Amino acid sequence: MSQSVSEQMKVDTDIVTLTRFILEEQQKYAPNATGELSLLLNGLQFAFKFIAHNIRRAELVNLIGISGKANSTGDVQKKLDVIGDEIFINAMKSCGNVKVLVSEEQEDLIVFEGGGRYAVCTDPIDGSSNIDAGVSVGTIFGVYRLKEDSQGSINDVLRKGTEMVAAGYTMYGASAHLMLTTGHGVNGFTLDTQLGEFILTQPSLKIPHNRAIYSVNEGNSFYWPESTKKYIEDLKKPQEELGGKPYSARYIGSMVADIHRTLLYGGIFAYPADSKSKTGKLRVLYECFPMAMLMEEAGGAAVNDKGERILEILPKGIHERSGIWLGSQGEIDRFLSYI
């Protein structure tokens, strides 16, 4: 059988875009659905493309540096934090399917007019403190379906992570990489800037069960509890199962970038609570929950400092914080043996 021209030229003409993927997933898992979640996910991808565009040209149009303001949690805002937040607010407002929005950059939740049936929690640009140095940053998001008969309130987001219907992140680096779950595994997409489309490049992603890599800010080790210190110190010792080699340390300092590497290669990422940040540093709704859902859907695990499943936490405030340990199931099991 003769090859087609596209086969001869090694050109893939049957690519799976994010839009196509979303529609096919709806037909597969919810053929009678209204399509509202699909429209919301399409609204999200527009926000990711717009943010990616601004990050690529940030230095050229003077979008680097601080804005002179602080956000809802006291962090100094970068100019791109402000731009990213505005992009996200407008994208969610205009898509028509979002009623409630929680953003790291806003002290209170935003309730939109209209009949949207979803709530979105987001950190529009996570890791922005690194952006002036060209380090990868990202957008993190989690999606809830509104409670029955709700008109949009804080109660729609102060819920366990197990109730989320979608979650993911987009990392802006050499390419823009989107990792997405709607509760049926994890799929990775890469933005083709020529086509202007996210293309499926990592279908049905699974994290390795074990990998001798740990990712943590050891600059905080003085403040760690003894159990955390012992666990990390033991990783640095020769490991019999590794032929006498210790674990490797990999830490970028941008959560999305560190999680992305952990998801692809395996290992464990940690940002534990300590005596300086007693309740932890990362925010439950728009950092811990989405990353935990991704890890679990990829076959990994995510727990807090007590060993409790992150997705079972019931937050009491929209900017609540927690310590977190997530990654390969085997590595999480090893951590749990120390507490």
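The model is predicted, so local features need pLDDT of at least 70 and side-chain atom pairs count only at pLDDT 80 or more, while totals for chains, interfaces and linings use all residues. Residues are numbered from 1 along each chain as its sequence is written, and side-chain values use heavy atoms, with hydrogens and water left out.

Begin by selecting V157, Y169, L285, F289 and M291, which have the most contacts inside the largest nonpolar core, a set of 43 residues. Such a core is made of buried Ala, Val, Leu, Ile, Met, Phe, Trp, Tyr and Cys residues joined through side-chain atoms within 4.5 Å, where buried means under 20% relative accessible area with a 1.4 Å probe and protein chains only. Among the elements that give two or more residues to this core are β7 (164-172), α6 (255-265) and α7 (284-297), and α7 gives the most, with ten residues; helices (H or I, at least four residues) and strands (E, at least two) are DSSP runs numbered from the N terminus.

Next select M291, whose contacts (heavy atoms within 4.5 Å), leaving aside neighbours within four places in sequence, are I140, Y169, M255, V256, I259 and L326.

Then move to T170 in strand β7, which counts as buried because its relative accessibility is 0%. Beyond its neighbours within four places in sequence, T170 is in contact with residues including F48, T139, H177 and V256.

Finally, select helix α8 (residues 329-336), where the buried residues are G330, E331, I332, R334 and F335; what covers them includes α5 (226-235), β13, β15 (301-303) and β17.

Methods: Buried < 20%, exposed > 50% of the residue type's maximum accessible area, 1.4 Å probe, protein only.
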